[in-house]
Amino acid sequence: VAVQLPFVLVIPDGPTPADGWPMLMFLHGAGERGSDPRLLSAHGPLKLLDEIPELRACVLVVPQCPEHMWWRSEWLLPLFDEVQDFARIDDARLYVTGLSMGGYATWGLLASAPERIAAAIPICGGELGRLWPEHETGFQVEDLLAAQHVPIHAFHGEADDIIPVQESALLVDALRAAGSSAQLTTYPGVGHDSWTRTYADPELYRWLFAQRRSGD
């Protein structure tokens, strides 16, 4: 089923850089599904726009998943192109991050289109079919290995009782075994909300926006 996703788009003020703007796509969790765009600033980059300077120097795209649905890569990939109708984007600096359901989708995009993504930050995600095999939006771990050259920093709470930390560890371990430099940061004693601490760290954005797609 083809779905055209509504999205919030934030374009920086000021002149466009010679190479175009970097672009960050943020994918929300299950609690922010629906048709109310105000939900999109509950967590993550939109909420922190005034606090993190790097977020005001990129094109930020925040789609909203319809109620009762799960993210699908084939809905999200066209947004990369659609956003370029609104702003000049540096193709070597397309970034993706998401939490929980959006963390799953971040991994899914890495498996679907690793050649387009400059770096990714999946938070408390995994491969959907392992815990919820009834969903058809998962991917094979083997597909993810094509992203072994993409800089990836995953985050997960060690006490997460919704999505166990092993779900992130399995994917990071598989990538590292294939030669990737993917990292996993875990938080002792932290449950499912591993995103508040992660997104509040200014160093995260310095690392993210320093990455460029290899070959450029």
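**Figure 1. Overall fold of the protein chain in the predicted model.** Seven helices and seven strands make up the secondary structure of the protein chain. Read from the N terminus, the elements follow the order β-β-β-α-β-α-β-α-α-β-α-β-α-α. The radius of gyration is 16 Å, close to the 17 Å given by the globule rule for 216 residues, so the protein chain is as compact as a globular protein of that length. Along the principal axes, the C-alpha atoms occupy a box of roughly 45 × 40 × 35 Å. Of contacts between residues at least 6 apart in sequence, 78% connect residues at least 24 apart.

**Figure 2. Surface and charge of the protein chain.** Buried residues account for 50% of the 216 in the protein chain. The protein chain carries 14 positive and 29 negative side chains, with the centres of the two sets 5 Å apart. Side chains of opposite charge can pair when their charged atoms come close.

**Figure 3. Close-up of the salt bridge between Asp90 and Arg212.** The N to O distance between these side chains is 3.4 Å. The pair links distant parts of the chain, with Asp90 in strand β4 (residues 89-99) and Arg212 in the segment after α7 (202-210), 122 residues apart. Asp90 counts as buried because its relative accessibility, 7%, falls under the 20% cut-off. Arg212, at 40% relative accessibility, counts as partly exposed.

**Figure 4. Close-up of the salt bridge between Glu203 and Arg206.** The closest N and O atoms of Glu203 and Arg206 are 3.1 Å apart. Both residues belong to helix α7, where a spacing of three residues separates them, about one turn of the helix. Glu203 counts as partly exposed, with a relative accessibility of 42%. Arg206 likewise counts as partly exposed, at 44%.

**Figure 5. Close-up of the salt bridge between Asp36 and Arg38.** The two side chains meet with an N to O distance of 3.1 Å. Arg38 has a relative accessibility of 67% and therefore counts as exposed, the cut-off being over 50%. Asp36 counts as partly exposed, with a relative accessibility of 25%.

Technical notes:
Residues numbered from 1 in each chain as written. Predicted model: local features only at pLDDT ≥ 70, side-chain atom pairs only at ≥ 80, totals over all residues. Heavy atoms only, no water. Salt bridge = Lys/Arg side-chain N within 4 Å of Asp/Glu carboxyl O. Buried < 20%, exposed > 50% of the residue type's maximum accessible area, 1.4 Å probe, protein only. Helix = DSSP H or I, 4+ residues; strand = E, 2+ residues; numbered from the N terminus. Rg over C-alpha atoms; globule rule 2.2 N^0.38 Å. Contact = heavy atoms within 4.5 Å. Lys, Arg positive; Asp, Glu negative; His and termini not counted. Charge placed at Lys NZ, Arg CZ, Asp CG, Glu CD.
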